[in-house]
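Welcome! Here is a short tour of one protein chain, written for someone meeting structures like this for the first time. Take a look at the picture, then follow the points below.

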Amino acid sequence: MESTERAATSAAANLVGVQLHTAGRIYACDPGQLWLQTGDHVVIETEHGSLLGTVIPLPHDRAEQALNDAQRILKKADAYDLERGERNRVREYDALRACLRQVRARDLRMKLIKAEQAFDG
């Protein structure tokens, strides 16, 4: 029993936090064999497809809870991934502006929060 607890604690210690947006949710992720540091950009696999995020420290209270539902880190982001992420941010901004124009043109009573572009297309 003690060795099982030790193995779970060891596995939880290997998890890292990944944040997709500033002040956004922190995902617990399994880096596998990757050597990562705080501030590294990574591509993770989620239920919504591949997403670009930044490695941050995982709060200790989340590590044990997140052990069973940790996301998988696919790879460290390269220059192409970072460029794609920037293009997606521009597309999100443009889409939000276009939607806001349409809402105003039709005098709709609604408030748009944000637009999201999938990382991989």
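Predicted model: local features only at pLDDT ≥ 70, side-chain atom pairs only at ≥ 80, totals over all residues.

From Pro 57 we can move on to the rest of the chain.

**Pro 57 and its surroundings**
- Pro 57 lies in the loop that connects β4 with α2 (60-65).
- Along the chain, Pro 57 and Gly 17 are 40 residues apart, yet their C-alpha atoms are separated by 5.3 Å.
- Leaving aside residues up to four places away in sequence, Pro 57 touches Gly 17 and Thr 38.

**The chain as a whole**
- The chain contains three helices and five strands.
- Read from the N terminus, the order of these elements is α-β-β-β-β-α-β-α.
- The chain has 121 residues, and buried residues make up 31% of them.
- If you take the contacts between residues at least 6 apart in sequence, 64% of them join residues at least 24 apart.

**A buried strand residue: Gln 71**
- Gln 71 belongs to strand β5, which covers residues 71-76.
- Is Gln 71 buried or exposed? With a relative accessible area of 14%, Gln 71 is buried, because the limit for that label is under 20%.
- Not counting residues up to four places away in sequence, Gln 71 touches Tyr 27, Ala 28, Cys 29 and Asp 30, and also Glu 45, Thr 46 and Glu 47.

**Two residues with positive phi**
- Ala 23 is not a glycine, but its phi is positive, at about 60°.
- You can find Ala 23 in the loop between β1 (16-19) and β2 (26-30).
- Ala 23 has a relative accessibility of 75%, so it counts as exposed.
- Asp 107 is another residue other than glycine with a positive phi, near 50°.
- Where is Asp 107 placed? Look in the segment after α3 for Asp 107.
- The relative accessible area of Asp 107 is 68%, so Asp 107 is exposed.

**Charges and rings**
- Which ring does the charged end of Arg 25 sit over? The ring belongs to Tyr 27, and the charged end of Arg 25 is 4.3 Å from its centre.
- The charged end of Arg 84 sits over the ring of Phe 119, at 5.1 Å from the ring's centre.
- As for pairs of aromatic rings, a search of the whole structure finds zero.

**The largest pocket**
- How much space lies in the largest pocket? The value is about 590 Å³.
- The largest pocket is lined by 22 residues, and the closest to its centre are Leu 20, His 21, Leu 51, Leu 52 and Glu 92.
- By type, the lining of the largest pocket is made up of seven nonpolar, 11 polar and four charged residues.

Conventions. Residues numbered from 1 in each chain as written. Heavy atoms only, no water. Phe/Tyr/Trp six-rings, centres within 6.5 Å; stacked < 30°, edge-to-face > 60°. Lys NZ or Arg CZ within 6 Å of the ring centre and 35° of its normal. 1 Å grid on protein atoms, 1.4 Å probe; cavity = no way out; pocket = protein on both sides within 12 Å on 5 of 7 lines; lining within 4 Å. Points joined across faces, edges and corners; volume = space filled by probe spheres on them. Nonpolar A, V, L, I, M, F, W, Y, C, P; charged D, E, K, R; others polar. Helix = DSSP H or I, 4+ residues; strand = E, 2+ residues; numbered from the N terminus. Buried < 20%, exposed > 50% of the residue type's maximum accessible area, 1.4 Å probe, protein only. Contact = heavy atoms within 4.5 Å.
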